[in-house]
Amino acid sequence: MKCPRCKVLETKVIDSRVIEEGYTIRRRRECSNCGYRFTTYEKLELDIMIVKKDGRREPYNREKLISGIRKACHKRSISEENILSFVNELELDLIQRGEKEVSSGYLGERVMQALKAWDKVAYIRFASVYKEFKDVGEFLNQIKELNHDEPS
């Protein structure tokens with residue numbers, strides 16, 4: 001790995017730790033030339049294509065998924081650990097399915113299920129984008145459906 005300070009290729013690992021429930025390895029490195037210390041992360045990379053509603057295909061992007069969930073959860077009481085744990089479980093599910101292509105609908109529905117269990121406002125925020133609400137009536141219908149689903 002190249003040193004970010006002096007650009008020399010010779011660095012050594014001085015510490016490794018498994019984080020994010022075993023899905024990531026954090027490595028502390030030290031440059032053999034200048035002594036600069038820095039951190040790198042190793043994560044599993046999924047080689048899966050996401051099939052969009054309009055038929056387009058794009059590579060799975062973990063950060064894009066996390067970003068969408070974070071936006072829905074903005075200023076809600078949902079921890080970053082909850083979000084990352086959910087995404088890790090979802091990726092494990094995708095690996096176990098063994099498919100090279102997954103519909104965006106499958107991912108969207110999985111996210112909606114999680115958000116519905118965590119926080120109703122985050123759920124509605126995500127649903128409004130995912131289901132492409134056109135007007136306030138669609139918001140109201142989704143809220144009524146959400147309230148109907150709650151046990152009395």
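Predicted model: local features only at pLDDT ≥ 70, side-chain atom pairs only at ≥ 80, totals over all residues.
**A chat about the sheet and the aromatic rings**

Visitor: What order do the strands of the open sheet have?
Guide: The open sheet has 3 strands in the order E1-E2-E3, with antiparallel pairing. Strands (E, at least two residues) and helices (H or I, at least four) are DSSP runs numbered from the N terminus, and two strands pair if DSSP finds at least two bridges between them.

Visitor: Which strands stand at the edges?
Guide: Strand E1 (11–19) and strand E3 (37–43) do; each has a single partner strand, so one side of each is left without a neighbour in the sheet.

Visitor: How are neighbouring strands turned against each other?
Guide: By 25° on average, direction ignored. Axes here are lines fitted to C-alpha atoms, for helices over the stretch in contact, and angles run from 0 to 180 degrees between N-to-C directions.

Visitor: How many bridges pair E1 and E2?
Guide: E1 and strand E2 (residues 24–31) pair over 8 bridges, in the antiparallel sense. Ser16, for one, has Arg27 in E2 as its bridge partner.

Visitor: On to the rings. How many aromatic pairs are there?
Guide: The structure holds 3. Rings of Phe, Tyr and Trp (its six-membered ring) pair if their centres lie within 6.5 Å; planes under 30 degrees apart count as stacked, over 60 as edge-to-face and the rest as tilted. One of the pairs is Phe86 and Trp118, edge-to-face at 5.8 Å centre to centre, with 85° between the planes.

Visitor: Where do Phe86 and Trp118 sit?
Guide: Phe86 is in helix H2 (residues 80–97) and Trp118 in helix H3 (residues 104–118), 32 residues apart, so the pair links distant parts of the chain.

Visitor: Is Phe86 buried or exposed?
Guide: Phe86 counts as buried, at 9% relative accessibility, whereas Trp118 is partly exposed at 28%. Buried means under 20% relative accessible area, exposed over 50%, partly exposed in between (1.4 Å probe, protein chains only).

Visitor: What about Phe126 and Tyr130?
Guide: They form a stacked pair, 6.0 Å centre to centre with 20° between the planes. Both lie in helix H4 (residues 120–130), 4 residues apart, so about one helical turn separates them. Phe126 is buried at 14%, and Tyr130 is buried at 16%.

Technical notes:
Residues numbered from 1 in each chain as written. Heavy atoms only, no water.
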